[in-house]
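Please look over the model shown here. The briefing that follows takes it topic by topic.

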Amino acid sequence: MAATDPQVLALAAQITESREQDIPLLLLKLKGILSSPSLGCEESKKIKQDIYDYGLTQYCLLVLKQDHSQLHGAWATAAQLAEILSHCCVGLEVKEDPEEFYRKFLPSVIDSLLVLGKRLQARFIRAIKDKEKQDFLHWFQIVTDAICWLLGGHIQLAACALQNDRFLQLLITDDVETAIIMMSVLHNILRINSSVLLQVEEETLQSVLDELVYKLSSTTNPAVGSAATKLLLLVAKSCKQLVQLFTARYKGLKGLLSKQWTGKGFDRKVNQLLDLLYLEQSSGKGEIQKQHEAACIIQAAWRGFQTRKRLKKLPQAVVTLQRSFRAKREQELQHLTKQKEDEALKLQMQLQRQRAMRLFHERQLTLLEVVHASQVNKYMQEMEEKSALTIQRFWRGYRARRIFHQQKQSLKEYKAAVIIQRAACNFLEKRRRRRPLSPWKETKGLTDEQRLALQQKVDDYIKLHPASQMSEEMSKELHMQAQAKLAQFLLRNRLDQRAAQRREALLAQVNTDVELLMNAPGLAETTEKDFGAFMSRSIPVATKARQAHNTMLKYTRWPWWKKLGDEFMEDDVIPDDAINTELETLFIGGRKSL
């Protein structure tokens, strides 16, 4: 057995002992190991086998599955790792457990590369600055080249790549640069394995062909049209069944190619594709073809209906997209403007500090020239004392302000604690008052002498006050007299209550009239509205209701610690003090008929 390459062994040991965030940068050293000019074909295979055996290839795959924005170097590191991973897999022949490598590891590598490409494509489309767009496009090109290189070394992965949903997502885009790159990737796949389209599912095949035909019909860019035409020509040459699918599924393809893409610089490819389509159309006439045409007409009508339905909703979607794009761009522009303003402010403050220091030094030099030499020490001491006093003054002011804010919060907490304690004390006092009396304490037992004395007193009292005997007729007569007196009392009490209510109503009416007269304007300033206040009783009532409502709102907006004592009140109402404080002496009465 051949010895392990020392560079691979050292790198594996270093990765094992390193932190997780340093592993991506260490894996970049594989690029130098693989691209060494002194390596031959067999030595390169041996190094790739060692890299796979020591798990460095698996490390690259695990790093690509992480969040790429958190890596050192971010997307540049991820793109380089994708390139290294593809080069490590091409030319590698695994002898131990090959099924694990070909059926699980390689499809996982393809999926990770496509995920990375999709993220780079999305960030390239969202980028605003030219430098960012160029960087993302460059990294996207590196990832797609790695995919092509991997598919060229393992032809069986072509069907797996085409059936991956992310590959179709990468191909379905309106961006010109990434669309051309993805069509070149598809062109390389078909050139390597021309029968791969027959190995994929019918739905995937139709989706790819629909996207190519859509690009021909929806754009006028010659680069996109040339790439799509070359792909369709390559597909038509690879299999005759696909040409039949073209003629049956896309009726307007020939007219589209001849009208829109003739004279754009790639006429030879267009003519070749038109020849294949016309040849297939002329040789396939018959009953089956007519049925096909009828089905295609029905499908075209249905697709037209669906397209028109989608186009009706398109303006709203476009408006939403534009709004979000403009909001995002405005946010980024504001961020850039704020960043520039901060930098300008920082520079201005730095210049002001430098200017102040320079003026200070100039002033010191001028004063040193003016002051006599014998007075320099005294002057410097005075300046130090003034500086110390200034520093102390600012420090005491800062400390006093800080203590004031702390005391302000402490005072607020103290007031809240006092209110809570007062409410708790009131609650405990009320509960203590409502507490039932303690049970009767058992008295001491009476002696026999005391019991005889008490019995003698009871007998004497009975002799002095004998019980009167009353007959049943006298008892009934006494009961009837009591009932009559009780009825007279209740009637007289009801009349008294009505009289009291009448007096209260009249007193309330007098108070209201007095209040209106006191607040009435002079005769020279009287208007018709003022007459209404004296003629109608609804205005004072409305004023009373409005003021009561405002008082209720103010009471409900109090903080919880102000209303804490109210929950222990017997009546769940607003305190009268709060209402009287708002309404002062206003009293509204009315008339009540008896």
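**Surface patch**

Leu311, Leu314 and Val318 make a nonpolar surface patch of about 230 Å². This is a predicted model, in which local features need pLDDT of at least 70, side-chain atom pairs count only at pLDDT 80 or more, and totals for chains, interfaces and linings use all residues. Residues are numbered from 1 along each chain as its sequence is written, and side-chain values use heavy atoms, with hydrogens and water left out.

**Around the patch**

- Patch members have over 30% relative accessible area and no salt bridge, and nonpolar side chains are joined within 5 Å.
- A salt bridge puts a side-chain nitrogen of Lys or Arg within 4 Å of a carboxyl oxygen of Asp or Glu.
- Areas come from the Shrake-Rupley method with a 1.4 Å probe.
- Leu311 sits in helix H17 (residues 287–370).
- Leu311 is partly exposed, at 47% relative accessible area.

**Buried positions**

- Buried means under 20% relative accessible area, exposed over 50%, and partly exposed in between.
- Helices are DSSP runs (H or I, at least four residues), numbered from the N terminus.
- In helix H5 (residues 56–64), Leu56, Thr57, Cys60, Leu61, Val63 and Leu64 are buried.
- Down the H5 axis, these residues fall within an arc of 160°, so they line one face of the helix.
- Leu34 belongs to helix H3 (residues 29–34).
- Leu34 counts as buried, at 18% relative accessibility.

**Confidence**

- Mean pLDDT (the predictor's confidence in each residue, from 0 to 100) is 78, and 86% of residues reach 70 or more.
- Residues 578–594 stay under 50 in pLDDT.

Technical notes. Buried means under 20% relative accessible area, exposed over 50%, partly exposed in between (1.4 Å probe, protein chains only). Helices (H or I, at least four residues) and strands (E, at least two) are DSSP runs, numbered from the N terminus. The arc is that of the directions from the helix axis to the C-beta atoms. Patches are made of residues with over 30% relative accessible area and no salt bridge: like charges are joined within 9 Å, nonpolar side chains (Val, Leu, Ile, Met, Phe, Trp, Tyr) within 5 Å. Contact means heavy atoms within 4.5 Å.
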